[in-house]
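Trainee: May we go through this structure together, with questions from me and answers from you?

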Amino acid sequence: MARGVARIFNRAYTSRARLLLSSTHTLRETHRRSLANPDSHLLLPTTRFSSDNPVRIHLPWNDYKFGFGKVRSFSSTVDNNNENNDEKEEEEEESLVNSDSESDDYDEEEGIVNELGDVDDSSVTSDVFCNNNNTAESSEAARALNAAYHDPLALYKDLRASEARANLQRNEWDTLHEIFAYFSQSGWAANQALAIYINKSFFPTAVSKFRDFFFDTCNLEVIQGLVRVGPTDDSVKFLFPVFVEFCIEEFPEEIKRFKSVVDSADLTKPATWFPFARAMKRKIVYHCGPTNSGKTYNALQRFMEAENGLYCSPLRLLAMEVFDKVNALGVYCSLLTGQEKKHVPFARHVSCTVEMVSTDECYEVAVIDEIQMMADPSRGHAWTKALLGLKADEIHLCGDPSVLEIVRKMCGETGDELVEEHYERFKPLVVEGKTLLGDLKNVRSGDCVVAFSRREIFEVKMAIEKHTKHRCCVIYGALPPETRRQQANLFNDQENEYDVLVASDAVGMGLNLNIRRVVFYSLSKYNGDKVVPVPASQVKQIAGRAGRRGSRYPDGLTTTLHLEDLTYLIECLQQPFDEVKKVGLFPFFEQIELFAAKVPDMTFSKLLEHFGKHCRLDGSYFLCRHDHVKKVANMLEKVQGLSLEDRFNFCFAPVNIRNPKAMYHLYRMASTYSQDMPVNVAMGMPKSSARNDTELLDLESRHQVLSMYLWLSNQFEEKNFPFVEKVEAMATNIAELLGESLTKANWKMESKEEVVKGQKKEDGGGGYERPASLIKLVRNK
């Protein structure tokens, strides 16, 4: 936050701040440096008060300037491009700067200096202040004041020793109040104060105390000099070093407390979190290329050849697929996901989801699939942890080129050997210049029509089946992995009538599909706030699913439903992959536990929010989003008897926070667990497949609740979740019912208004119809 506002000051008090927690007064006095002597050498640490290699600079007080430094905020809000949202942060900074409330509440802290950069005198400019309202007269007065009082430490000592209060005129009194009000509202000063651990919420209080001290002790000459300068940046520049001395003397406990909070939220240098991995000489092999290029195949070959190995999947579905494939080839392999634990006798290989990776086991070969997911705003931390922490002689990374540069950087930091293997598609992806012209009648066998909402998926399916002879399979994210596999197998089987696939972006990874052509129903989607274009990287990932070596359709084709979307499709496919600048991190439970000890009596939701504000990160990392975790935490606040670790586990359960039924069941499970009672699923089994969209949604919701129970059963003891076998059987039955429902789904989708009112509008045509501008259907003549 406010990277362009805060500056790291290059002056004497930085060397003292490094020692501010020292209890030895003599040692502290030894490190004081006078700014009065231009020949004095000032120590400026190159990192936050902890460097053993300070740089020396000359800083005469009569030419007092401020250098630019590096600032990292507590806030880790990430936009869709995984970058900090500077515009939003600047707005937040402005609102905080304009606040003059005096509060000891630490919940509103917004920023922290991450590190002090080496000082470059050439970059020191006079525009470091946000509000430069100095006049020539006040500037001249400021130079005179600085010349008269060139040593801030000496001035502070004089103030401390003063016993008489100056008699002020009314206009001098009013001007002084204006100067200190200006000081209190200075965003620059608030950011500089962070370097001595005066946090922003405490800053107004500290300024208020400093003002009272100054009024009581300052001599008339200094006051008159300040009055001539007025409420300007020059007055802030003059007062700030004295303010620093005052804070170090007056607020040692607040400084210690804030420093301990910041240190406990330190996420810098994540490579050092895994000392055993750092002790190994690991070989990292990056299989870099697009879809259908053989990169994952080659990595899996090495995985199966190894004496023992680990495959890390982005999805349960893909982990299950590799589990089945490897065992079918005679290599014993176990399966480990959040919901399943299948231990195969004598197995020395494991196929798991990336969140289930263990950094305690040793492997000869590990494969991390879809490594570009390190940049995912929500889940990226799991890939980062796997890459940094796995104890494997060889780690094979499979992914596109977007994270190649940052992987190079990470390997340089860890000392691992990096081998790059670049791939090209077996057959180039061809864009068909002739679109479907808005007419689903032009769909052909082997097509996959991609839509970006559940409603559109079913509308397209029913339109195709009504107006053509094709039958459609359906795949979207809310379906269980078992149902998605069943639909994929149905589509791949050439002996049945299901020859068209209608899918969401879930088709982009995790399934081997015999797709001849990918047809984009549209190239825009709703992101929860507004309709936006589908990102180019996602377009490339989905379009690349067309064509598969060794299948019926080795050549890949792609096009759009509407002609007006074709240009954007071509642009997306021609764009190079955007280079990722930052990858995700999230604290382990032990780090949250340590932080909680520094801020007791705080709810878990506030604790996570507090951690997000205070955490320090290196420039290559961002804090992954955890909004859904905080929403669950808020819901569970009323549940008593849960330990911090219990809340952590319940809050990370795979629950759809937009599904009231799923949230209710999670609340009920947590309440039952808190009473030390066996947790059951209070839910009956449906008797038949869905007959309408409402019943289909109900089946999806039921399966999500069962999946959540299975996930929780792997986080807690068996006595707390003893009904795993029963729940597994229920989940299997519901997945089968979902598969049956999808194959025969032919009902009209309800609009939101119809669902709310509980009634359906009359269907004049008896079938699906969309405006001609969006889709043209051939009507029976």
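The dialogue below treats ring pairs, charges over rings and salt bridges in turn.

Mentor: Please note that this is a predicted model, in which local features need pLDDT of at least 70 and side-chain atom pairs count only at pLDDT 80 or more, while totals for chains, interfaces and linings use all residues. Residues are numbered from 1 along each chain as its sequence is written, and side-chain values use heavy atoms, with hydrogens and water left out.

Trainee: How many aromatic pairs does the structure hold?

Mentor: Rings of Phe, Tyr and Trp (its six-membered ring) pair if their centres lie within 6.5 Å; planes under 30 degrees apart count as stacked, over 60 as edge-to-face and the rest as tilted. Under that rule, the number of aromatic pairs is 33.

Trainee: Why is the pair of tryptophan 273 and phenylalanine 588 given its class, and what is that class?

Mentor: The ring centres of tryptophan 273 and phenylalanine 588 are 5.6 Å apart. Their planes stand at 70°, so the pair is edge-to-face.

Trainee: How many residues apart are tryptophan 273 and phenylalanine 588?

Mentor: Helices (H or I, at least four residues) and strands (E, at least two) are DSSP runs, numbered from the N terminus. Tryptophan 273 is in the loop between helix 11 (252-264) and helix 12 (275-279), and phenylalanine 588 is in the loop between strand 21 (583-585) and helix 21 (589-598).

Trainee: Is phenylalanine 586 buried or exposed?

Mentor: Buried means under 20% relative accessible area, exposed over 50%, and partly exposed in between (1.4 Å probe, protein chains only). Phenylalanine 586 has a relative accessibility of 8%, so this residue counts as buried.

Trainee: Which class does the pair of phenylalanine 586 and phenylalanine 652 belong to?

Mentor: Phenylalanine 652 is in the loop between helix 24 (644-651) and helix 25 (660-674), 66 residues from phenylalanine 586. With ring centres 5.6 Å apart and planes at 70°, the pair is edge-to-face.

Trainee: Which residue lies over the face of phenylalanine 577?

Mentor: A charge sits over a ring if NZ of Lys or CZ of Arg is within 6 Å of the ring centre and within 35 degrees of the ring normal. One example is lysine 391, over the face of phenylalanine 276 at 5.0 Å from the ring centre. For phenylalanine 577, at 3.7 Å from the ring centre, the residue is lysine 540.

Trainee: How many salt bridges does the count come to?

Mentor: A salt bridge is a side-chain nitrogen of Lys or Arg within 4 Å of a carboxyl oxygen of Asp or Glu. By this rule the total is 36.

Trainee: Which residue forms a salt bridge with arginine 278?

Mentor: Arginine 278 lies in helix 12 and its partner in the loop between helix 16 (404-414) and strand 12 (417-422), so the pair ties together parts that are 138 residues apart in sequence. The closest N and O atoms are 3.8 Å apart. The partner is buried, with a relative accessible area of 8%, and is aspartate 416.

Trainee: What relative accessibility does arginine 316 have?

Mentor: Arginine 316 meets glutamate 340 in a salt bridge (2.7 Å, N to O). Glutamate 340 is buried, with a relative accessible area of 11%. Arginine 316 counts as buried too, and its value is 16%.
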